[in-house]
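Welcome, and please load the model into your viewer. We will go from one selection to the next, with a note on what is there.

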Amino acid sequence: MNNGQQIGLGGFNILPKGVKNLLIINTLVFFATVVFAKTGMCDLNKWLGLHYFKAPDFQVWQFITYMFMHGNFGHLFFNMFALWMFGAAVENYWGTKKFLLYYLATGIGAALTHYVITAVEIGPTMALFNQFLDAPSLDTYRYLVENNQITQLQSALQNNYNVLQQNPGALNELVAATISIEDSYLNSFLLIGASGAIYGILLAFGFLFPNSLIYIYFLFPIKAKWFVLIFGAIELLYGVMGTADGVAHFAHLGGMIFGILLIWLWHRHERRGEQQTFYQFNGGGRNERRNSNWQFWKREKPTFGKSKYYVSEESGRPLSDEDFNARRQAEKERIDEILDKISQKGYDALSKEEKDILFHYSQK
């Protein structure tokens, strides 16, 4: 976590590779969707947007492809602007591979969250549909009509019930019509857009750079950590209130929740690695590892009463200011090289020696 105002390491790239490719792909898919719709070739939303998992139009690949679909230019623009604004800093800090993994994982997590909530909301009515289809009769259909909680289905169900009352022999036709109504309703749940993943990126930015200032409407400064908390609270409030604005608020919240979980898992893994390194460095590991690192990392011990001096390993005497500054400069250059490598390729690309150097330098 970076508690200061600086939001990047050495070699900061204003448009890193991962963010750039995501911007290109999203833009190309959007224009392809518009062109295909106008020419009547096909509806890409049907094939690439995410349908409810029980809907006839659902396909597994939609958990990935839905993130690259957008309903209109405004939807695309604001998502891509946020991706660049927050994602560039996160990718520079983590590296491209880790950034893209996080982006896709939070996008999938957003979709899963959205459809868990959807399943809870429509579950009772779907159970009534199944009850009728398992045992078709006038009574079970009347029970479906009377207990249905979904307003948009009520008119079609009531009309079919009236027909059945007038013509009891049309039960088989009613079963087919009911299946069609159910399939059409389930297909109506269509999730598109990168917003879930974007909210995950926003969460990561707030975690990595909590005290960095974000300017609302380019005028009002607010620290990133408070910005993230406020947006999370707003999405939770809108989701609970069930606003009919066509926005999947629980998907946004799901992106943030999965982001928290993923960062926590990574942080826990890294801490275990650091503890293991520390244990081995202090004699708990094999001798060859300890011997290979000890000479490099054995710091000059301060002389009592002369805290600004350091004792030379070779002579046992305090170092001159010139020698001391030369050693500190060499260390700083080595650390800068490691940080540049992290910004370009991510922490996982470091060698074991580089991780040890970074860890022990942080203990000074």
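**Along helix H4**

Start with Phe78, which counts as exposed because its relative accessibility is 58% (exposed is over 50% relative accessible area, buried under 20%, partly exposed in between, with a 1.4 Å probe and protein chains only). This is a predicted model, where local features need pLDDT of at least 70, side-chain atom pairs count only at pLDDT 80 or more, and totals for chains, interfaces and linings use all residues. Residues are numbered from 1 along each chain as its sequence is written, and side-chain values use heavy atoms, leaving out hydrogens and water.

Phe78 sits in helix H4, residues 73-94 (helices are DSSP runs of H or I, at least four residues, numbered from the N terminus).

Now select Asn92, also found in helix H4. Asn92 counts as buried, because its relative accessibility is 2%.

**Into the core**

Next, show Leu83, Tyr102, Tyr103 and Tyr141, the residues with the most contacts inside the largest nonpolar core, which has 69 residues (a core is a set of buried Ala, Val, Leu, Ile, Met, Phe, Trp, Tyr and Cys residues joined through side-chain atoms within 4.5 Å). Helix H5, residues 96-134, gives the largest share of this core, 11 residues.

Which residues are in contact with Tyr102, leaving aside neighbours within four places in sequence? Among them are Trp94, Gly200, Leu262 and Trp266 (contact means heavy atoms within 4.5 Å).

Finally, select Ile335, Ile342, Leu350 and Ile357, which are among the five residues of another core, apart from the largest one.

Key
Helices (H or I, at least four residues) and strands (E, at least two) are DSSP runs, numbered from the N terminus.
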